[in-house]
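Open your viewer and get ready to click along. We will go from the whole chain down to single side chains.

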Amino acid sequence: MEVGTEWQRRALLQARDEIQEKDKVIEQLQKTISEMKSQLEKKKTGKGGGGNDENEEDDIVRKFEELYA
């Protein structure tokens with residue numbers, strides 16, 4: 001390996017790792033959004049099972065907090 005290219009290699013590996021981590025976060029966010037859309041549709045159609053709306057909202061907020069904790 002040529003002199004001076006090692007730092008470039010390390011930078012590329014670090015960038016790759018950061019991209020992979022961000023991809024995981026994006027995937028989790030997409031999953032959470034999908035779940036929230038499904039819950040919203042159930043509420044709109046009245047198929048929510050008559051649960052406590054406040055508890056459902058707390059669950060949604062908790063899911064987002066877990067992603068960033």
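**Before you click**

This is a predicted model, in which local features need pLDDT of at least 70 and side-chain atom pairs count only at pLDDT 80 or more, while totals for chains, interfaces and linings use all residues. Residues are numbered from 1 along each chain as its sequence is written, and side-chain values use heavy atoms, with hydrogens and water left out.

**Stop 1: the whole chain**

Show the protein chain as a cartoon: it has two helices and zero strands. Both terms refer to DSSP runs, numbered from the N terminus: helices are H or I with at least four residues, strands are E with at least two. Of the chain's 69 residues, 4% count as buried. Buried means under 20% relative accessible area, exposed means over 50%, and partly exposed lies in between (1.4 Å probe, protein chains only).

**Stop 2: helix α1**

Select residues 6-45, which make up helix α1. Its 40 residues reach 59 Å from the first C-alpha to the last, close to the 58 Å expected at 1.5 Å a residue. The expected span is 1.5 Å times one less than the number of residues. Just after α1, click G46, which takes a positive phi of about 75 degrees.

**Stop 3: T32**

Is T32 buried or exposed? T32 counts as buried because its relative accessibility is 3%. Leaving aside neighbours within four places in sequence, T32 is in contact (heavy atoms within 4.5 Å) with K63, F64 and L67.

**Stop 4: R16 and D17**

Select R16 and D17, whose side chains meet in a salt bridge at 2.9 Å, N to O. A salt bridge is a side-chain nitrogen of Lys or Arg within 4 Å of a carboxyl oxygen of Asp or Glu; by this rule the count comes to three. R16 is partly exposed at 42% relative accessible area, and D17 is partly exposed at 37%.

**Stop 5: E6, R9 and R10**

Finally, select E6, R9 and R10, which salt bridges with shared partners join into one network. R9 pairs with E6, their closest N and O atoms being 4.0 Å apart, and R10 also meets E6 at 4.0 Å, N to O. Along helix α1, R9 and E6 are three residues apart, while R10 and E6 are four apart, about one helical turn. An α-helix has 3.6 residues a turn, so residues three or four places apart point the same way.
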